[in-house]
Amino acid sequence: ALETAIAVQNARLYELATVDGLTRLYVRRYFDQRIKDEWRRARRYQTQFSVVLLDLDDFKKVNDEFGHAVGDKVLREVARVVARNLRGIDIAGRFGGEEFAVVLPRASAAQANKVAERIRADVAREAVRANGYTIAVTASLGVASFPDCGLKSVEDLVERADIALYRAKRS
C-alpha cells in the first residue's frame, strides 16, 4: 500500500510539474523539452513537423473590462478549442500569458496551416458567456515547418512561427 501511495503521489507531482493548472495544457518548460525532442527526431529520421503559435487578440481588454476571472475563463475555453482540434500525438502548451503553442509531428506546412485555420475559426465562433455578457474572442496564429524553413535550430523555427503570428496580427 505504501508503494502504491508513493506511485500515486509521484504521478500527481509529475502532473503538477508538466500541466498548466488553468488551461490543462502543458507548461512552457515541458513544451520546450518536447519540441526539442521532436526537432531531434525529425532531423534524425528526416521527417517533417510543424509549430503553430496562437495569440489572443486584444486580450488585455478582456481582463480590463470584465476582470481576470473572466479572462481565465476565456483562456480555459480557448485551450479547450485548441485541444479538440489536435491529434493524439500533437503537443499543445501554454506558451505565455495568452499565448499557446502546438507541435504537430509529421505534419507538413499545408497540413499545419489547415489545423491553424480550423483553430482560428473555432476560437472566433466560440463566444464565452460570463457575468451576463457574451464575449467574442479572436486569435492570430503563425505557422512554421521543418524542414521547409531550412533553419538550423528549434529556436529559429519557433521564431519563424512567431514572425508569422505577428504578420497575421498586423493584418
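Biologist: Which residues line the largest pocket?
Modeller: Asn113, Ala116, Glu117, Arg120, Ala139, Ser140, Leu141, Gly142, Val143, Ala164 and Ala168. A pocket is an open set of points on a 1 Å grid over the protein atoms alone, with protein on both sides within 12 Å along at least five of seven lines, and lining residues have an atom within 4 Å of a point.

Biologist: What kind of model is this?
Modeller: It is a predicted model, where local features need pLDDT of at least 70 and side-chain atom pairs count only at pLDDT 80 or more, while totals for chains, interfaces and linings use all residues. Residues are numbered from 1 along each chain as its sequence is written, and side-chain values use heavy atoms, with hydrogens and water left out.

Biologist: Back to the pocket. What space lies in it?
Modeller: The largest pocket holds about 160 Å³, counted as the space filled by probe spheres set on the points.

Biologist: Which element gives the largest share of its lining?
Modeller: Strand β6 (139-146), with five residues. Helices α5 (109-125) and α6 also supply at least two each. Elements are DSSP runs, helices being H or I of at least four residues and strands E of at least two.

Biologist: How does that lining divide by class?
Modeller: Six nonpolar, three polar and two charged. Asp, Glu, Lys and Arg count as charged, Ala, Val, Leu, Ile, Met, Phe, Trp, Tyr, Cys and Pro as nonpolar, and the others, Gly among them, as polar.

Biologist: How many cavities of 30 Å³ or more are there?
Modeller: One. The largest cavity has a volume of about 40 Å³; in a cavity a 1.4 Å probe fits but cannot get out.

Biologist: What lines that one?
Modeller: Val74, Glu77, Val78, Val81, Val123, Glu126, Val128 and Val137. Helix α4 (residues 68-84) gives the largest share, four residues. The cavity lining has six nonpolar, no polar and two charged residues.

Biologist: New topic. At what angle do α2 and α6 pack?
Modeller: About 110°, with the axes of α2 (residues 28-45) and α6 (residues 154-170) 10 Å apart. That makes α2 roughly perpendicular to α6, a label for 65 to 115 degrees. Axes are lines fitted to C-alpha atoms over the stretch in contact, and angles run from 0 to 180 degrees between N-to-C directions.

Biologist: Which residues make the contact?
Modeller: Ile35, Lys36 and Trp39 of α2, with Val154, Glu155, Leu157 and Val158 of α6, contact meaning heavy atoms within 4.5 Å. Five of these residues are nonpolar, none polar and two charged.

Technical notes. Parallel < 35°, antiparallel > 145°, perpendicular 65-115°, else oblique.
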